[in-house]
Amino acid sequence: MKMSVQVFVSFLLTAAVVLAVSFLLILMVGSSIPLSVTSFMRGIVGSWYAFSEVLVRATPLILAGLGVSVGFRTGFLNIGAEGQLYMGAIAITALGVYAPNLPAPFMILLAIVLGFLAGGLWSVIPGILKARFGLSEVINTIMLNYIAINLVGILVRTLLKDPSYPYPMSPMLPASASLFPLLPPTRLHAGILIALATAGGIHSLMFHTSAGFRMRAVGVNKRASLCAGISVTRNIVLSSLISGGLAGVAGVCEVAGLHHRLIEGISPSYGYLAIIVALLGGNRPLRIVFSAIGIAALQVGSMSMQRGAGVPTSIASIIMGLLVVMILARKQLFRCKGV
Amino acid sequence: MEVTTLAAASAFLAAVVRMATPIALAGLGETISEKSGVINIGVEAIMLSGAFFSFIGVFTTGSILIGLLCGMAGGVAVSMVHALLSIRCKADQTISGLALNFLFLGLTSFLFLMEFGKSTTLPSIPVIRAMRIPILSRIPLIGEALFHQDPFVYTMLALVLILWILFYKTEWGVILHAVGENPRSADTVGIRVNRVRYLACAANGVLGGLGGTYLAMVKLGFFMENLTSGKGYIALVAVILGRRNPVGVLCAALVIGAAEALQIRLQTMGTAIPSQAFTMLPYLVTIVVLFFSIGKRNDPSALGVPYERDKR
């Protein structure tokens with residue numbers, strides 16, 4: 001990949017501005033910069049536990065981020081990863097509650113497939129509405145987010161409620177429906193392996209198969225694709241299915257690896273963060289892994305910074321928002337061409 | 001018995017109008033912006049910024065007027081960043097709006113904690129009270145809902161009328177539609193496309209900021225992190241549902257407001273049905289309505305497309 005000096009400098013300046021703003025904010029709350037930086041770093045690489053927490057948070061971000069990127073490739077702007085993630089979580093919980101006696105390897109595999117389908121369903125609806133009828137997928141995916149989140153709220157109080165507790169949550173799922181822990185004292189689970197394997201798989205799909213080529217072609221130029229005999233409708237629908245499906249798998253992994261039951265609010269807006277992850281990763285699967293780890297580190301680090309230096313965690317949202325704004329404005333701000 | 005039912009219905013309608021007001025205000029702003037061709041997913045950020053700055057304005061000066069101005073300025077600040085990104089930098093408008101949502105969710109919460117993080121009591125401001133319009137407010141059933149409300153409700157209702165006239169009966173409306181439907185033709189006849197779009201974005205900021213101001217200065221009287229909690233997205237829904245017609249947007253906001261008011265009533269009544277079932281209603285209604293609107297699309301042709309004069 002070629003990168004001109006100008007582009008490189010513009011990236012450096014973007015980083016400098018974001019860093020300068022962060023330091024300014026730290027000073028504004030009356031904290032010291034060295035203390036903040038050390039507690040930030042201690043939070044993400046201070047111990048094995050700290051680093052494992054980054055990977056724990058990166059897992060759903062990688063999966064959902066990959067999903068969002070597949071949608072972006074055909075021009076399907078999937079803002080609904082949040083809802084799709086919850087649908088995946090509902091799928092594994094429903095399976096675990098209503099068919100608790102399935103044998104172990106079959107159970108988790110079925111859960112992943114069902115999670116993919118549930119998430120995919122939540123995204124293929126706006127996909128079809130966009131591809132066939134030209135309705136805005138942005139609005140529909142946002143609305144489906146709210147419907148899914150409320151659906152979780154209803155289910156944990158009714159059909160999937162644990163009768164032995166007064167709280168809105170599902171019963172514990174059987175052990176066969178869980179992902180094994182990787183480094184036992186930490187919360188790291190096999191979900192990260194699924195996420196990494198998926199990144200490899202999506203890379204192959206998008207860049208080494210004709211199906212991936214067709215999807216990318218539709219995203220680049222719909223008219224040219226149509227003239228070349230590539231069905232625009234079918235490819236948008238296919239990409240929306242994969243897009244939501246991967247977010248659904250993220251939900252399955254969160255339940256199977258961390259919570260082992262369905263509760264409300266299992267996602268601290270992973271679905272929205274996934275959009276930023278996909279954007280920073282340039283919709284390329286392998287870079288998405290790194291951008292997901294970066295965003296996860298920012299979150300985990302800022303929590304440690306709040307504990308250690310008294311800087312509110314909302315600094316993480318500011319940094320992310322500013323980063324995207326700067327990237328969008330980069331070409332104008334630094335007058336550089338290309339990329 | 002008769003009298004109490006009537007009183008309850010009348011109070012319910014009044015609540016519906018109050019719930020609908022911030023959504024309608026922000027929705028009307030977004031309507032102007034979308035008609036000019038700029039889609040702003042960042043309504044949430046506009047409202048949040050409006051709520052925060054109006055709260056700060058009233059809290060520090062005690063003046064309602066300054067609070068209003070601060071709220072509108074806060075909204076305009078967000079919408080102008082979005083305008084710069086989408087018009088000048090020709091950035092993807094969906095991504096820009098989303099980034100602004102993150103940025104202002106963080107910023108307002110950060111600044112709020114910085115100012116008040118150490119105080120143990122929730123800082124509050126006096127809320128603006130309802131004004132009763134004599135005689136008219138005694139009309140049974142709808143009197144309370146329409147004529148015993150705070151100034152924001154009256155402003156919102158007036159704006160629906162003003163914007164309807166502006167959109168469909170004046171030259172300005174024609175210009176706005178032209179810029180959103182076919183910017184090249186508009187440019188050819190001498191309309192400054194980007195200037196119209198900047199103005200439309202500013203109007204979006206003012207109205208969205210007012211929507212947020214309403215939440216802080218009338219509904220709650222305090223500020224907290226993520227105070228809007230998705231109202232901005234609901235405003236976007238109202239715009240689609242109302243098909244970018246001011247009266248339609250108001251009706252959509254009323255439907256959503258009714259669902260909200262109903263949900264609060266049912267929660268306090270303690271039914272067996274989880275309240276989420278009612279919270280979900282407006283979104284379900286929207287999707288169903290959108291199904292019916294298939295084939296009758298009325299999106300401005302140039303929605304989300306930056307205008308480039310030197311390109312064909």
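Predicted model: local features only at pLDDT ≥ 70, side-chain atom pairs only at ≥ 80, totals over all residues.
Residues are numbered from 1 along each chain as its sequence is written, while chains are lettered from A and ligands numbered from 1 in the order in which they are written.

**Chain B**
- Chain B has 13 helices and two strands. Helices (H or I, at least four residues) and strands (E, at least two) are DSSP runs, numbered from the N terminus.
- Its C-alpha atoms fill a box of roughly 70 × 50 × 40 Å along the principal axes.
- Of its 312 residues, 51% count as buried. Buried means that 20 or more other C-beta atoms, placed from the backbone, lie within 10 Å of the residue's own.
- Take the contacts in chain B with a separation of 6 or more: 77% of them join residues 24 or more positions apart. Two residues are in contact if their C-beta atoms, placed from the backbone, lie within 7 Å.

**Chain A**
- Chain A has 13 helices and zero strands.
- The radius of gyration of chain A is 21 Å, close to the 20 Å that the rule gives for 339 residues, so chain A is as compact as a globular protein of that length.
- The box around its C-alpha atoms is roughly 60 × 60 × 30 Å, taken along the principal axes.
- In chain A, 55% of the 339 residues count as buried.

**Helix α3 of chain A**
- Helix α3(A) covers residues 48–73; at 1.5 Å a residue, its 26 residues should span 38 Å, and its end C-alpha atoms are 36 Å apart, which agrees. The expected span is 1.5 Å times one less than the number of residues.
- Of the 26 residues of α3(A), 22 are buried, so the rest of the structure largely encloses this helix.
- After α3(A) comes G75(A), with a positive phi near 85°.

**Where the chains meet**
- The contact takes 37 residues from chain B and 36 residues from chain A.
- On the side of chain B that touches chain A, α4(B) gives the most, with 15 residues.

Notes
Buried ≥ 20, exposed ≤ 12 C-beta atoms within 10 Å, placed from the backbone. Rg over C-alpha atoms; globule rule 2.2 N^0.38 Å.
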